[in-house]
Amino acid sequence: MTIHAIREAITELTAPVVHHVPQIDDAGTWLKTSSVWLPSLLDQLSEAVTSTMGGQGNGSTLKHARQIIDSDALHMFLKIKSQIIDWCIMAGVKPGKDAAENLMLWGDAIEVEDGGFYARTMREWANQIRTKLDPPKRMEILHPCVVCEATVWVNDDGETRPHPVEASYRPDEGEVKIMCRACKTVWDGPDAAKELGEEIAEMG
C-alpha cells in the first residue's frame with residue numbers, strides 16, 4: 001500500500017460524517033431520507049467520552065453518541081489517542097491535545113513506502129468506533145439453521161436459548177450479517193442474506 005491508502009484511512013477517521021436519517025410517519029410509511037452532517041468519527045468518540053467524564057460536547061453528535069459510554073469506549077479512545085501521539089513523536093511532529101488534529105499532522109509529515117500497517121490499523125479503529133457509537137440492529141430469525149438444523153443454542157452463561165440464527169444490520173448503510181450461533185455459519189452481505197431468505201422460503 002502507498003501513502004494514498006494512509007491518506008484515505010486518515011480521512012475516514014477525521015472527515016465529517018454524513019448520516020442518512022429516514023423520516024417515517026405514524027403509520028410506518030417511509031416519507032423521505034434526510035442527510036445530517038456530524039463530526040468526524042474521532043471527534044464523536046472524543047465528545048462521547050468527554051460527556052461521560054463531565055465535559056461539554058457541542059451537541060452535534062448523534063443521540064446514541066451522547067449517552068453514557070462504557071469503560072471499553074474510554075479505553076478505546078485512550079488507546080487510539082496514545083498510539084497517534086506515538087506516531088507523531090516518531091515522525092518528528094509535536095502532538096497537541098486533539099486526536100484528530102494530531103492524526104492529520106502526522107499524515108502530512110509521514111513518508112513511507114509501505115503504509116499497509118498504518119492503513120489497516122486506522123481502518124480497524126474506524127470500524128470499532130462505528131460499532132461502539134452506533135451498534136447494528138439485531139433480529140432473531142425464527143427458522144432453524146439451514147446448515148446444522150439447530151433450533152436452540154447455548155449462550156456464554158451456559159443457558160440454552162431458542163432461535164440460534166441472528167441477523168445484525170444497519171438499514172441506512174445496507175450492511176447485513178447473519179450468523180447461526182450454534183454452528184457459527186455466517187452469511188455476510190446483502191446477497192448472501194437474500195440467498196438464505198430464498199432457501200428458508202423454499203423449505204417452508
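How far is the sulfur of C180 from the closest cysteine sulfur, and in which residue does that sulfur lie? Good morning. The closest one belongs to C145, and the distance is 3.6 Å, which is too far for a bond. Please keep in mind that this is a predicted model.

Let me stay with the cysteines for a moment. A disulfide requires two cysteine sulfur atoms within 2.5 Å. For C183, the closest cysteine sulfur is that of C180, at 3.6 Å, so this pair is also too far apart for a bond. The structure as a whole contains zero disulfides.

I turn now to helix α5, which spans residues 99-109. Which of its residues are buried? They are A99, A100, N102, L103, W106 and G107. These residues lie on the same side of α5, because they cover an arc of only 160° around the axis. In general, an α-helix has 3.6 residues a turn, so residues three or four places apart point the same way. At the start of α5, there is also a contact from D98: one of its side-chain oxygens comes to within 3.1 Å of the backbone nitrogen of A100.

My last topic is a loop. N155 sits between β4, residues 152-154, and β5, residues 160-162. Is N155 buried or exposed? N155 counts as buried, because its relative accessibility is 16%, and the cut-off for buried is under 20%. A polar atom of the N155 side chain lies 2.9 Å from the backbone nitrogen of D157. Thank you for your attention.

Definitions and conventions: Residues numbered from 1 in each chain as written. Predicted model: local features only at pLDDT ≥ 70, side-chain atom pairs only at ≥ 80, totals over all residues. Heavy atoms only, no water. Buried < 20%, exposed > 50% of the residue type's maximum accessible area, 1.4 Å probe, protein only. Helix = DSSP H or I, 4+ residues; strand = E, 2+ residues; numbered from the N terminus. Arc of directions from axis to C-beta. Polar contact = N/O pair within 3.5 Å; in protein donor to acceptor, adjacent residues only side chain to side chain.
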